[in-house]
Amino acid sequence: MIATANIQYAWTLFVPEIQQTFGWERASIQIAFTIFVLVQTWLAPIEGYFIDKFGPRIMVAFGAIMIGTAWVLNSQAMSLTGFYVGAAVGGIGVGCIYATCINNALKWFPDRRGLAVGLTAGGFGAGSAATILPIASMIESAGFQETFFFFGLLQGGLAFVAAWFLRAPKAGEVKASDKLSQSRRDYTLKEALNTKLFWLMLLMFTCVVTGGMMAVAQLGVIAQDLGVKEFKVDLYFFVMAALPLALMLDRVMNGISRPLFGWISDHIGREKTMVIAFTLEGFGIIALGYFGHNPWAFLILSGVVFLAWGEVYSLFSALAGDAFGTKHIGKIYGVLYCAKGIGALFVPVGNLLMEATGTWSSVLYTVAAMDLFAAFLAVTLLPRVLKAHVAQSTIAPSSVEKSGTASAHA
């Protein structure tokens, strides 16, 4: 997961260099990011099928080859189409690795599912923290093409080696938690899609992930437009430009948030944790839009935004495992994870809205409203729907099947 992180999180460092080199419109370049996320997320249900069929080792090894190939393609690209192809290949690679690792964590630790998935997802969220500065430095010294090529081979190679240490739990090796509210049967994808809970989770996931996706793709651009990109932050023992420092801190905060909020959710429940995180995210984005022209405020508030956003990848996956069981979780969470792809569609729209209004505030306030709406749903609707779903899941599968058969005959 650490080795795959830069495919998404370091992209913002390359965009200004690509634009300067080729002179393309910023929105056109960012379509590559959208393609990456769409491929990564919308192929997740298919990847879930192959995870169940081939196991984690083959899937992660294949994904490693794809992520290495993606950045090598980017290093040779001379057209927008070339970057779009590289983004699609990278999306396949990251999707295979991400879906497999999350799926495996859900299966291994039913009683600590939030923490386990949070730590796993935290590898992806914080994985680029150690490489942000080397990548930025290499872009400046050797150019973005050389950086793409070197780090593509490095990251792909590391993930390929790590793949062979994975395995799924054997039958009877783990048992359901006695302290958490969890389904006592495994739902098929079709059954999950027929529940109110699934669609409510998809709506909430989409609302919250949109703001985070916007920040991930556009933070460098926002910093430039707010006039804080080149501001030198003096921390006494070293001096660094505001943007690289913000990116490094944000990766750390993003990584911390996933196990932190996952652990909290194991103790107080997923829905209560969502209320806390989504509210913090909404007000953090509002504050970023209002105070972001101040370099110190930009640093602190961007960190708050990433702290409150990263947890969606531990909370929704853990809740999906609790609600629908783990036998078919690869396919079920794969469909739920498509919310990230829906959110990615708004990244180019954010550019267009900013250009139309002349300010990033309009964009930030819009996504903040979506976060607060998700928090409202977590307070009012989610607890009631979740309680009814868990109660329904205690009915024996055979009873459900007979009921469905009787309804079908009727």
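Buried means under 20% relative accessible area, exposed means over 50%, and partly exposed is in between, with a 1.4 Å probe and protein chains only. This is a predicted model, where local features need pLDDT of at least 70, side-chain atom pairs count only at pLDDT 80 or more, and totals for chains, interfaces and linings use all residues. Residues are numbered from 1 along each chain as its sequence is written, and side-chain values use heavy atoms, leaving out hydrogens and water.

**Exercise 1.** Work out whether the length of helix α3 agrees with its residue count.

*Solution.* Helices are DSSP runs (H or I, at least four residues), numbered from the N terminus. The expected span is 1.5 Å times one less than the number of residues. Helix α3 covers residues 26-42, 17 residues in total, so it should span 24 Å. Its end C-alpha atoms are 24 Å apart, which agrees.

**Exercise 2.** Decide how far α3 is enclosed by the rest of the structure.

*Solution.* Count the buried residues: 13 of the 17 in α3. So α3 is largely enclosed by the rest of the structure.

**Exercise 3.** Classify Val 161 and Phe 62 by accessibility.

*Solution.* Start with Val 161, in helix α9: its relative accessible area is 51%, so Val 161 is exposed. Now take Phe 62, in helix α5: at 40% relative accessibility, Phe 62 counts as partly exposed.

**Exercise 4.** Find what Phe 62 touches, not counting residues up to four places away in sequence.

*Solution.* Contact means heavy atoms within 4.5 Å. Phe 62 touches Ile 92 and Cys 96. Phe 62 and Cys 96 are 34 residues apart in sequence, yet 7.6 Å apart in space, C-alpha to C-alpha.

Key: Helices (H or I, at least four residues) and strands (E, at least two) are DSSP runs, numbered from the N terminus.
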